[in-house]
Amino acid sequence: MTFAILNGKLINRSEAKVDIEDRGYQFGDGVYEVIRVYNGKMFTAKEHLERFVKSSDSIGISFPSTQEQLKSLLEKLIHKNKLQLGIIYMQLTRGVAPRNHAFPSEEVMPALTAYTKEIARPVENMKNGVKTILTEDIRWLRCDIKSLNLLGNLLAKQKATEEGGYEAIQHRAENITEGSSSNIFIVKNGVVITHESDNLILKGITKDVILKVCFENNIPVEERAFTLEELAGADEVFLSSTVSEVMPIVQIGDKKVTEGLPGPITRKLQELFEQEIENHCGNL
Ligand code: DCS
């Protein structure tokens, strides 16, 4: 039997159902998180749980438990589902109430759900690099909130998929923001450059681990917006996310990056990132 979490309880996954008037279902009125699991252990759980609470606070949903309580429930879920390598997906919505744009009264309880999924590490893509496309960033101005409203991201990813790409790199006018479900980095003259974590992008947990290992290994970093022109002239390009880790980008549209091969700093960061995983979750 596979288990899921519904409002603080571990239940049979096939019985984990939500009401059709759940505000997450009707409005996308909620927030979510994805945590990587290696060797049955959550990687950077604290950072993900902190971001989960921050996202929910920023839209006025009161978090239904402490981070510690949720963490131990997630550990039970991993254990019950015998998950070794995969993810936990969790979401918190404003709860079930008659449809009305304005928030329901305080008595309506937020709805928390979580489940696990087995996912392998994308080793082939990490070795060879992936193709991406460029697209206009049409999203709202609070991309720092990990909101369930993902339509802009979905349209971008679908465009990439239709053009045979792994990810869509989004730009607002001249500036690159982030991928549809990842952060984007360039390397120029040995400097790693990535958009600052403001309201226009999600503050990626993977991004922050990469910045930490750069700092520890004296790899210079600039956290600032960079332009389409800088992207086109970059020595190396890569993306980061919970599922994709450090993923080399070897093509953008029709144009090859680094002659179609992952670059040396990207490779180095992949190694350092793996080391971080192994330090916290054991050998890969
Ligand atoms: N930017 C966006 C828009 C994202 O959706 C994600 C992750 C990231 C950046 C990278 O953040 P993390 O490093 O914290 O993962 N998206 C999650 C998702 O929707 N599926 O997997 C990860």
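**Notebook: cysteines and the domain contact**

The model is a predicted one.

I then checked Cys281. Its relative accessible area is 2%, so Cys281 also goes down as buried, the limit being under 20%. I searched for disulfides and counted zero in the structure.

Next I turned to the domains. I have domain 1 at 3–118 and domain 2 at 123–281. For the contact I listed 26 residues from domain 1 and 20 residues from domain 2. I took the centres over C-alpha atoms and got 26 Å between domain 1 and domain 2.

On the domain 1 side I noted Tyr32, Phe43 and Arg51, which supply 35% of the area that domain 1 buries against domain 2.

Between domain 1 and domain 2 I counted zero salt bridges. I did find seven residue pairs in polar contact between the two domains, with both residues at pLDDT 80 or more.

Last, I sorted the side of domain 1 that touches domain 2 by element. Those giving two or more residues are α1 (23–27), β3 (30–38), β4 (41–42), α2 (45–58) and β5 (86–93). I marked β3 as the largest share of that side, with eight residues.

Conventions: Residues are numbered from 1 along each chain as its sequence is written. This is a predicted model: local features need pLDDT of at least 70, side-chain atom pairs count only at pLDDT 80 or more; totals for chains, interfaces and linings use all residues. Side-chain values use heavy atoms; hydrogens and water are left out. A disulfide is a pair of cysteine sulfur atoms within 2.5 Å. Buried means under 20% relative accessible area, exposed over 50%, partly exposed in between (1.4 Å probe, protein chains only). Domain bounds come from an automatic or database domain assignment. Contact means heavy atoms within 4.5 Å. Buried area is the accessible area (1.4 Å probe) that two parts lose on being put together, summed over both. A salt bridge is a side-chain nitrogen of Lys or Arg within 4 Å of a carboxyl oxygen of Asp or Glu. A polar contact is a pair of N or O atoms within 3.5 Å; within protein, one must be able to donate a hydrogen and the other to accept it, and residues adjacent in sequence count only if both atoms are side-chain atoms. Helices (H or I, at least four residues) and strands (E, at least two) are DSSP runs, numbered from the N terminus.
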